[in-house]
Amino acid sequence: MIIESRFNGPPGSGNGGWSAGLFAAAYGGPGVVEVTLRRPPPLETPLTLADGDVHDPEGNLVAEVRETGQIETVVPPVDLATARAAAAAYPGLVDHPFPGCYVCGPRRADGLRIFPGRLPDGRTAAPFRVPAEVEVPTVWAALDCPGGWSVIAPGRPYVLGRIAAAVRALPAPGDECVVTGATVGGEGRKALVHTSLYGPTGDLLGTARATWVALPAG
C-alpha cells in the first residue's frame, strides 16, 4: 500500500480518513472495520498489512485495523441548500490548521473541497461533489473531516486518532452529496464524533464514528 502525496492531511502525512479507508479496504472482511492511527501515515512509502497491523519499511507500527461493532448512530441529514449555506460560513476558510488538507483544505483546488460549517444545533454540514474517480477511501475521507470540524476551534487544532466506517454504497462521479457531522462526547483532549454521508436523493451512503485528539497547545 502507498498513500500518494496528493492524499495528504497535515503537511507530510496522509489524510486520516483516506489513509484509514485504504487500510480498511486492504483488510477486507464482511463487518465494520475500525482503524486506529498510531503515527502520522507516511506519504509515498510502501506500507504492509499483516494480522491487522500496518507497518512502514522500518517496522514502525502505523495503524491497527480491527473488526468492530455496528455503527448505530446516524447524524440526521439536511437539504442541499442548507448544506451550501453552512459551507459558506466554513471557519476553515479564514483559520485552518492544515489548509492543504486533501479533504477540507481551502488551498486544494484538486481536493475534495468539503467545507463543513456549523448549523444552529451544533452539527456540521457541507455539500460534497464526488470526484471523477471514487473508491472506498474516498468515502472514508468524506466521513472524516466533517466530524473534526464539529470540535475544531481557532487555535485548537485536532487530528484523527481512530475511525470506524460503514460504507453502504459508493456515490457516482459528479453526484452532489451532503455530509453531516456531530460531536457526541469526549474527555480531556479526546472528542467523540459521528458523521453521515447522503446521496443526491437522500439515501444514506455511509456512516462513521471517530475519536479526534487535540494537539498540545504551543
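Apart from neighbours within four places in sequence, Ser13 contacts Asn8, Pro40, Pro41 and Leu43 (contact: heavy atoms within 4.5 Å). The model is predicted: local features need pLDDT of at least 70, side-chain atom pairs count only at pLDDT 80 or more, and totals for chains, interfaces and linings use all residues. Residues are numbered from 1 along each chain as its sequence is written, and side-chain values use heavy atoms, with hydrogens and water left out.

Ser13 lies in the segment before helix 1 (16–27). Helices (H or I, at least four residues) and strands (E, at least two) are DSSP runs, numbered from the N terminus. Ser13 has a relative accessible area of 7% and is therefore buried (buried: under 20%; exposed: over 50%; partly exposed: in between; 1.4 Å probe, protein chains only).

The open sheet has ten strands, ordered 2-3-4-1-7-10-9-8-6-5, with antiparallel pairing. Pairing requires at least two DSSP bridges between two strands. Six bridges join strand 6 to strand 8 (residues 176–187) in the antiparallel sense. Thr124 has Gly181 of strand 8 as its bridge partner. Helix 2 (residues 80–88) packs on the sheet and touches strand 5, strand 6 and strand 8. The directions of helix 2 and strand 6 make an angle of about 105° (axes: lines fitted to C-alpha atoms, for helices over the stretch in contact; angles: 0 to 180 degrees between N-to-C directions).

Ala125 sits in strand 6 (residues 124–129). Ala125 is buried because its relative accessibility is 0%. Beyond residues up to four places away in sequence, its contacts include Val78, Ala83, Phe115 and Val179. Ala125 and Gly147 are 22 residues apart in sequence, and their C-alpha atoms are 9.4 Å apart.
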